[in-house]
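Visitor: I have the sequence and the coordinates open side by side. Could you walk me through what is worth looking at?
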Amino acid sequence: MTVVILGGTAEARQLAAVLVGDGVDVVSSLAGRVGSPSLPPGRVRLGGFGGVSGLTEYLLDQRATALVDATHPFAANISRNAVQAASLADIPLVRLERPGWGNYPRAEFWTWVPDAAAASAAAESARRPFLTTGRQTLTSFTSWADRDVVIRLVEPPVTPLPARWTVILSRGPYSYSDERQILTEHAIDALFTKDSGGAHTVAKLDAAGDLGIPVVIIARPEQPPVRTLRTVAEAAAWCHARGNLKFVGRSSS
Ligand code: NAP
């Protein structure tokens with residue numbers, strides 16, 4: 001009788017906050033990869049489930065009324081598992097996914113690529129690239145040891161990086177002025193990003209556009225065909241419409 005939110009995004013935290021504010025019993029699940037994650041209100045569990053069977057078992061144990069997959073657009077494995085587990089546990093599933101940057105108005109200097117390997121091949125002439133594609137894509141860029149790469153990560157890299165690379169450890173959201181300063185200070189000549197979408201990390205695209213810096217953007221992986229909502233308000237309404245929710249500190253209605 002509980003809403004389970006697969007999280008790790010700002011939208012997942014916002015949804016938990018709305019539902020908890022409504023008195024709904026919510027448990028947010030985080031992968032547990034970052035040292036001190038931003039925690040949402042409500043109950044929180046950390047770490048993988050051990051695949052589809054573990055997630056199915058967890059949903060049944062919790063007597064979950066609804067499952068919201070609010071994971072990052074590039075977290076494709078957990079989203080695939082969610083589809084199978086929701087079906088096995090016979091629990092309604094919805095995906096909350098922020099829109100991508102496909103309609104960004106000033107994308108004339110953008111090159112879209114399907115994955116990180118294609119990204120590294122797409123800007124061969126870049127000598128001072130800014131990599132914001134995340135820790136999991138690092139292996140695609142290791143041949144760039146002779147370039148002055150600036151790389152931004154949330155957590156320190158697990159393997160040593162080439163001596164010429166500069167690591168910036170930080171977590172969004174980022175402001176336009178800070179992003180512009182990084183691009184100018186390091187004389188960046190190409191920006192690499194994933195199509196994460198949303199407002200938290202869009203400032204780098206605005207700054208790159210103003211500075212005429214080319215952008216290489218990795219398209220989102222294909223996600224399983226699941227009903228997908230774009231806003232937290234829609235997802236909250238969907239949860240309420242499932243009915244039979246457990247209300248914490250109130251009588252059920
Ligand atoms: P992934 O490749 O789809 O997932 C790999 C495994 O991590 C899953 O099979 C699952 O392990 C576990 N896992 C992932 N999300 C989980 C969650 N919310 N709760 C419990 N277990 C979870 O995912 P990823 O790309 O490594 O991303 C991990 C987390 O970071 C996600 O929750 C995502 O929302 C967040 N995140 C990802 C990115 C990105 O660019 N990929 C960016 C920002 C935030 P089991 O199979 O053992 O259950």
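Guide: A word on naming comes before anything else: helices are DSSP runs of H or I with at least four residues, strands are DSSP runs of E with at least two, and both are numbered from the N terminus. This is a predicted model, in which local features need pLDDT of at least 70, side-chain atom pairs count only at pLDDT 80 or more, and totals for chains, interfaces and linings use all residues. Residues are numbered from 1 along each chain as its sequence is written, and side-chain values use heavy atoms, with hydrogens and water left out.

Visitor: OK, what follows α2?
Guide: Helix α2 is followed by R63, which has a positive phi, near 50 degrees.

Visitor: And which residues of α2 are buried?
Guide: V52, G54, L55, T56, Y58 and L59 are buried in α2, where buried means under 20% relative accessible area, exposed over 50% and partly exposed in between, with a 1.4 Å probe and protein chains only. Their cover includes the strands β1, β2 (26-30), β3 (43-46) and β4, together with helix α3.

Visitor: How do α2 and α3 cross?
Guide: The axes of α2 (residues 51-61) and α3 (residues 76-89) come within 8 Å and cross at roughly 50 degrees; axes here are lines fitted to C-alpha atoms, for helices over the stretch in contact, with angles from 0 to 180 degrees between N-to-C directions. That angle makes α2 oblique to α3, because angles under 35 degrees count as roughly parallel, over 145 as roughly antiparallel, 65 to 115 as roughly perpendicular and the rest as oblique.

Visitor: Which residues make that contact?
Guide: On the α2 side they are G51, V52, L55, T56, L59 and L60, and on the α3 side N81, A82, Q84, A85, A86, L88 and A89, with contact meaning heavy atoms within 4.5 Å.

Visitor: Changing topic: which residues have the most contacts inside the largest nonpolar core?
Guide: That core has 20 residues, and V3, I5, L15, L19, V68, L96 and W238 have the most contacts inside it; a nonpolar core is a set of buried Ala, Val, Leu, Ile, Met, Phe, Trp, Tyr and Cys residues joined through side-chain atoms within 4.5 Å. At least two residues of this core come from each of β1 (2-6), α1 (10-21), β4 (64-69), β5 (93-96) and α7, and α7 gives the most, with five residues.

Visitor: What does L19 touch?
Guide: Leaving out residues up to four places away in sequence, L19 touches V3, I5, V24, V26, A236, C239 and H240.

Visitor: Is C239 buried or exposed?
Guide: C239 counts as buried because its relative accessibility is 0%, and its place is in helix α7 (residues 232-242).

Visitor: Back to backbone geometry. Where is D90, and what is its phi?
Guide: D90 is found in the loop between α3 and β5, and has a positive phi of about 60 degrees although it is not a glycine. Most residues other than glycine have a negative phi, and most peptide bonds are trans. D90 is exposed, with a relative accessible area of 68%. A187 also has a positive phi, of about 50 degrees, and is partly exposed at 44%, in the loop between α5 and β10 (190-194).

Visitor: And which peptide bond is cis?
Guide: The bond from G172 to P173 is cis, with omega near 5 degrees, and P173 lies in the loop between β9 (166-169) and α5 (176-185).
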